[in-house]
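Trainee: Could you take one part of this model and go through it closely with me, cut-offs included?

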Amino acid sequence: MKEIKTRSGCPVSYTLDFLGDKWTLLILRDMVISDKSTYGEFLASEEKIATNILADRLTMLERYGFVTRKVSPDKKSKLLYNLTEKGIALVPIIMEMGIWGSVFNPPGLNKHLLDQLITDKDGTIRNFQQKLKDRLLQAS
């Protein structure tokens, strides 16, 4: 796994050091919007991430505190990934990117989620964050 070295004290630059890679954002998107939590679920995403890239990004996300990793209680060979508070704090950014992409590249987000975000963005984001926090507590 490549070491992340911040380039400056700029908060935008710091954010891009971690999130400037499309695969990282797509893994986070899958965790937030699609409730994915296993290696196999991430591999099944439409974008077809390569196994070596997926392994690297999951390692980076864990190492820098965006996700936790735990052995599945029902199958010892399966790992479960959950967002930490640091990762959950990215939900508004992921939702805003989804809204932006829906405007400029239809069809965008699924219609139900997009309608929720248009009707009550703050409430929808809070609901997603609460669901992820609850999952994190259950995984502990």
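**A buried serine and the core**

Mentor: With a relative accessible area of 16%, S37 counts as buried (under 20%; exposed is over 50%, partly exposed in between; 1.4 Å probe, protein chains only). This is a predicted model, where local features need pLDDT of at least 70 and side-chain atom pairs pLDDT 80 or more, while totals for chains, interfaces and linings use all residues. Residues are numbered from 1 along each chain as its sequence is written, and side-chain values use heavy atoms, without hydrogens and water.

S37 sits in the loop joining helix 2 (22-33) to helix 3 (39-43) (DSSP runs of H or I, at least four residues; strands are E, at least two; numbered from the N terminus). Beyond neighbours within four places in sequence, S37 contacts F42, L79, L80 and Y81 (heavy atoms within 4.5 Å).

The axes of helix 2 and helix 6 (91-104) come within 10 Å and cross at roughly 100° (lines fitted to C-alpha atoms over the stretch in contact; angles from 0 to 180 degrees between N-to-C directions). The two helices are therefore roughly perpendicular (65 to 115 degrees; under 35 is roughly parallel, over 145 roughly antiparallel, the rest oblique). Helix 2 brings L25, L28, R29, V32 and I33 to the contact, and helix 6 brings V91, I94, M95 and M97.

V32 also touches L83, F128, K131 and L132, among others. V32 and M95 join I27 and L83 as the residues with the most contacts inside the largest nonpolar core, which has 33 residues (buried Ala, Val, Leu, Ile, Met, Phe, Trp, Tyr and Cys joined through side-chain atoms within 4.5 Å). Helix 7 gives the largest share of this core, seven residues.
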